[in-house]
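Thank you all for coming; I would like to take a few minutes to walk through one model with you. Please have a look at the sequence and the structure first, and then I will go from the whole chain to single residues.

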Amino acid sequence: MTTVGDDDLVEYGFRRTIITITAVLCALLEIVDTTIVNVALTNMRGSLGATLTDIAWVITAYAIANVIVIPMTSWLSQQFGRKNYFAVSIIIFTVASFMCGNADNIWELVIFRFIQGLGGGALLVTAQTIITESYPIAKRGMAQAIYGMGVIVGPTLGPPLGGYIVDHFSWPYIFYINIPIGIAATFLTLTYVRSPKYGEKLKANQVDWWGIIFLAAFVGSLQFVLEHGQQDDWFNDNLILSLSVLSLVGLLLFVWREMTYQHPIVNLKVLKDGNLRIGIVMCFILGFGLYGSTLIIPIYTQSILGWSATDAGLLLIPGSITTAFMMPIVGNLIQKGVPQGYMVGLGFMIFFAFTFWMYNVITPDTSVDNMFWALILRGIGLGLLFVPITTLSLSTLKGKHIGEGAAFTGMVRQLGGSFGVAIITTGITRFTQTHRVNLIAHLDGTRFEVQQRVHQLQQGFMSKGFSANESLNKAYQVMEFNVYRQSTVLSYMDIFLYLGILFLCCIPIILFIKRGKNKINAADAMH
């Protein structure tokens, strides 16, 4: 069904409730699937006979497909009609989920994960668009808040849900749970979702095929470099170096093509809007902090504190619930005309307070109580950041430019997360090596305290029946392990400190925000 007036897309009552639930479910499906596989990789390796390098492709293939398709969603919606495009994307995602669960070898799984990512990337931005257009002008902030719940809570739900499924069933079920939700979402989309009226569709010879190729080369290569850079020693590896060059060349050709072609697949001219440019920078930082901290906390609790994957994931749940609780409050404040810039500034400050708190409490044996309130603070900070950043990014755009802006913010948030994960994992490795060298320098074998500690450990092992030489070797191994553990904790402290400083440095950016309409007209539909 097409519509004549933009306002006709606004829904009320039961229809709006159903459309909102459908869109949030789809966004949640897509984001949960980016993290749910993380805790199942070991089980997948065992049953598929894959190497550690091979199994990493299960995550990489999905992420690459995501970042390629997200910038194209606005254009694809216009070509096929939004309802059709959204429904087909859900079907692709659902069928690919079934095929992932049935994969017989690692490369089958990787191929189906890539296809799943192509369907999933479309769900994210299109769901945001559908929710936005279903709400009247005054409730635009609330619409973004409802969508934001899925986006922020999703990455946190993945690990504990994946851990539970793997512990109680088997890894294919992390994909099978998508199937009933996908079927229901497809039916509801075809029944309730409506498409705006679009202009003429492009003929096959007008389609920007070179733009698609250059975009895929740019973001696909970049995503691979970010995912595999640390384990392959970055630019010392020929493949990483080649793909970095390909990504840069792809970016330059992509920009040239989109600025000169009559029917570009991504409208770069929308970036002339000052608020969108500022919003994109802040979306990048938000993705960096959200995905980076979601990565580092489970790694710390598992590798240093010895927690299970499920327990590590559950630790993040209260903070996510806090964020979900904050979303409608923030949406309400935006409706009342509170400037988004103030909330963003406060959110950055609170996120800095969270990182500084974590910097001060993490040790080789930190308890849950020490981290609980810090993670609640993180939840409040993320709640104050997501909705205001999203709404102010689009606040001075009109018509279909809002949809094009939304695609940019979605892609940049994903890339920010990838950069965050890549930089943080590299930082942990490098900082750990530096701290280890410094700690060993202080372990002077001639010092009485060191000799006494070694002697105590040796006596302990000898009392268990080991010979003097064996006990001495084991004593040195314990000392080495303690040095490694302490140096790793110090590296995590560094990461939290630098992450906090990054957020603190972002606060002045809000001074450049133009005071446009605080409430974006939902009639200025995102296409």
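This is a predicted model: local features need pLDDT of at least 70, side-chain atom pairs count only at pLDDT 80 or more; totals for chains, interfaces and linings use all residues.

**A walk through the helices**

Is Thr301 buried or exposed? Its relative accessibility is 0%, so Thr301 counts as buried. If we set aside the neighbours within four places in sequence, the residues in contact with Thr301 are Gly306, Trp307, Ala312, Leu315 and Met371.

Helix H12 runs over residues 274-303, which is 30 residues, and the distance from its first C-alpha to its last is 43 Å, close to the 44 Å expected at 1.5 Å a residue. Of those 30 residues, 23 are buried, so H12 is largely enclosed by the rest of the structure.

Helix H16, residues 368-393, can be treated in a similar way. Its 26 residues should span 38 Å at 1.5 Å a residue, and the end C-alpha atoms are 37 Å apart, which agrees. Here 19 of the 26 residues are buried, so H16 too is largely enclosed by the rest of the structure.

Now let me step back to the chain as a whole. Its secondary structure comes to 19 helices and 0 strands, and of its 527 residues, 57% are buried. Among contacts with a separation of 6 or more, 84% are between residues 24 or more positions apart. The chain exposes about 22,100 Å², and carbon and sulfur atoms supply 66% of that area.

What about links between side chains? Side chains of opposite charge can pair when their charged atoms come close. How many salt bridges does the count come to? The count comes to 1 salt bridge, and in it the side chains of Asp33 and Arg113 meet at 3.7 Å, N to O. Asp33 lies in helix H1, residues 13-35, and Arg113 in helix H6, residues 106-134, so the pair ties together parts that are 80 residues apart in sequence. Both partners are away from the surface by our criterion of under 20% relative accessible area: Asp33 counts as buried at 1% relative accessibility, and Arg113 is buried with a relative accessible area of 0%.

As for cysteines, a disulfide is a covalent bond between the sulfur atoms of two cysteines, and the structure holds 0 disulfides. Two cysteines I would still point out are Cys26, which is buried with a relative accessible area of 0%, and Cys283, which counts as buried at 1% relative accessibility.

Leaving aside its neighbours within four places in sequence, Ser97 is in contact with Gln116, Phe175 and Asn178.

Gly49 is found in the loop between helix H2, residues 41-48, and helix H3, residues 52-69, and at 64% relative accessibility Gly49 counts as exposed. Gly49 and Asn105 are 56 residues apart in sequence, while their C-alpha atoms are 7.7 Å apart in space.

The other residue, Gln78, is found in helix H4, residues 73-80, and Gln78 is buried, with a relative accessible area of 18%, a value to be read against the cut-off of under 20%. Between the C-alpha atoms of Gln78 and Lys400 there are 9.6 Å, although the two residues are 322 residues apart along the chain.

Key: Residues are numbered from 1 along each chain as its sequence is written. Side-chain values use heavy atoms; hydrogens and water are left out. Helices (H or I, at least four residues) and strands (E, at least two) are DSSP runs, numbered from the N terminus. The expected span of a helix is 1.5 Å times one less than its number of residues. Buried means under 20% relative accessible area, exposed over 50%, partly exposed in between (1.4 Å probe, protein chains only). A disulfide is a pair of cysteine sulfur atoms within 2.5 Å. Contact means heavy atoms within 4.5 Å. Accessible areas come from the Shrake-Rupley method with a 1.4 Å probe; for residues, only the protein chains shown count as cover. A salt bridge is a side-chain nitrogen of Lys or Arg within 4 Å of a carboxyl oxygen of Asp or Glu.
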